[in-house]
Amino acid sequence: MDRYINTPLDNKTAKTLKAGDYVYITGTIYTARDAAHKRMDETLNRNESLPIDVKGNIIYYMGPSPAREGRPIGSAGPTTATRMDKYAPRLLDMGLIGMIGKGKRQKPVVDAIIRNGAVYFAAVGGAGALLAQRIIKSEVVAYDDLGTEAIRKLEVKDFPVIVVIDSDGNNLYEISQKKYEKKIDNK
């Protein structure tokens with residue numbers, strides 16, 4: 001099913017998204033990769049405030065390439081989500097409502113998604129140049145010294161993602177694998 005949503009995202013809307021839905025996001029999302037997640041975790045361990053409010057927001061696991069002239073950002077493809085798995089449950093418990101990446105998530109992340117009524121989206125790996133066309137504005141908002149791994153605030157218009165893990169814990173990767181195995185068994 002095709003869905004068009006705006007950010008910030010609330011739990012009511014997040015809970016209507018189902019594994020396999022094609023979703024087009026418009027509004028603000030943030031980027032953060034490994035180094036930014038590590039720094040955010042260290043910040044929280046010192047009982048300090050994060051540089052962004054994660055509540056109701058979506059973090060895109062992405063570090064862009066340099067922007068070409070006249071563009072707000074360079075290629076903007078997703079990175080592997082499992083590298084953020086040790087940090088994700090804490091952020092979800094703080095109100096993070098969505099994550100965009102590629103690949104599977106570990107059980108503690110899935111449990112936190114369910115517990116918090118959140119959602120995990122996948123963006124198509126290898127399509128970074130096409131995804132960048134849906135980014136209207138890009139601004140570094142924290143950790144500038146991390147270069148491409150700095151936290152960026154992105155303004156996006158109809159940014160295409162797929163729901164991989166919904167708020168009920170349904171996992172598109174597992175569902176699809178079972179359907180495929182069933183087809184093989186029936187041949």
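Let me start with I113. Leaving aside residues up to four places away in sequence, I113 touches L92, M99, A118, V119, Y120, I165, D166 and S167. Bear in mind that this is a predicted model.

I113 belongs to the largest nonpolar core, which has 29 residues. I113 is also among the residues with the most contacts inside that core, together with M40, I59, L91, L92, M99 and I151. Which elements supply at least two residues each? They are α2, α3, α4, β5 and β7. The largest share, 4 residues, comes from α4.

Now to α4 itself, residues 107-116. Its buried residues are V109, V110, A112 and I113. These cover an arc of only 160° around the axis, so they sit on the same side of α4. K107 and R115 are on the other side of the helix, and they are exposed. What covers the buried residues of α4? The cover includes α3, β4, β5 and β7. After α4 comes G117, with a positive phi near 65°.

Next, α2, which runs over residues 34-45. This helix has 12 residues and reaches 17 Å from its first C-alpha to its last, close to the 16 Å expected at 1.5 Å a residue. The buried residues in α2 are A36, H37, M40, D41, T43 and L44. Why do they line one face of the helix? Seen down the axis of α2, the buried residues fall within an arc of 160°, and that is why they line one face. Note that H37 and D41 are on that buried list along with M40, and M40 is the one I already named for its contacts in the largest core. The cover over the buried residues of α2 includes β3 at 58-60, α3 at 88-93 and β7 at 151-165. α2 is followed by N47, and the phi of N47 is positive, near 60°.

β4 covers residues 98-101. Which way do its residues point? G98 and I100 point one way and M99 and G101 the other way, and all are buried. M99 is one of the residues with the most contacts in the largest core, and M99 is also touched by I113. β3 and β4 run parallel and are joined by 3 bridges. In that pairing, I58 stands opposite G98 of β4.

β7 has come up as cover for α2 and for α4. Is E155 buried or partly exposed? E155 is partly exposed, because its relative accessible area is 24%, and buried would need under 20%. Not counting residues up to four places away in sequence, E155 touches G27, T28, R134, I135, I136 and K137. E139 is 16 residues from E155 along the chain, and the C-alpha atoms of the two are separated by 8.9 Å.

Last, the annotation. The UniProt record, an unreviewed entry, gives "domain: Fe-S hydro-lyase tartrate dehydratase beta-type catalytic" for residues 8-174. In the model, the end C-alpha atoms of residues 8-174 lie 28 Å apart. That span is 24% helix and 26% strand.

Definitions and conventions. Residues numbered from 1 in each chain as written. Predicted model: local features only at pLDDT ≥ 70, side-chain atom pairs only at ≥ 80, totals over all residues. Heavy atoms only, no water. Expected span 1.5 Å × (residues − 1). Buried < 20%, exposed > 50% of the residue type's maximum accessible area, 1.4 Å probe, protein only. Arc of directions from axis to C-beta. Contact = heavy atoms within 4.5 Å. Core = buried A, V, L, I, M, F, W, Y, C linked by side-chain atoms within 4.5 Å. UniProt positions renumbered as here; feature names shortened; annotations may be inferred. Pairing = 2+ DSSP bridges.
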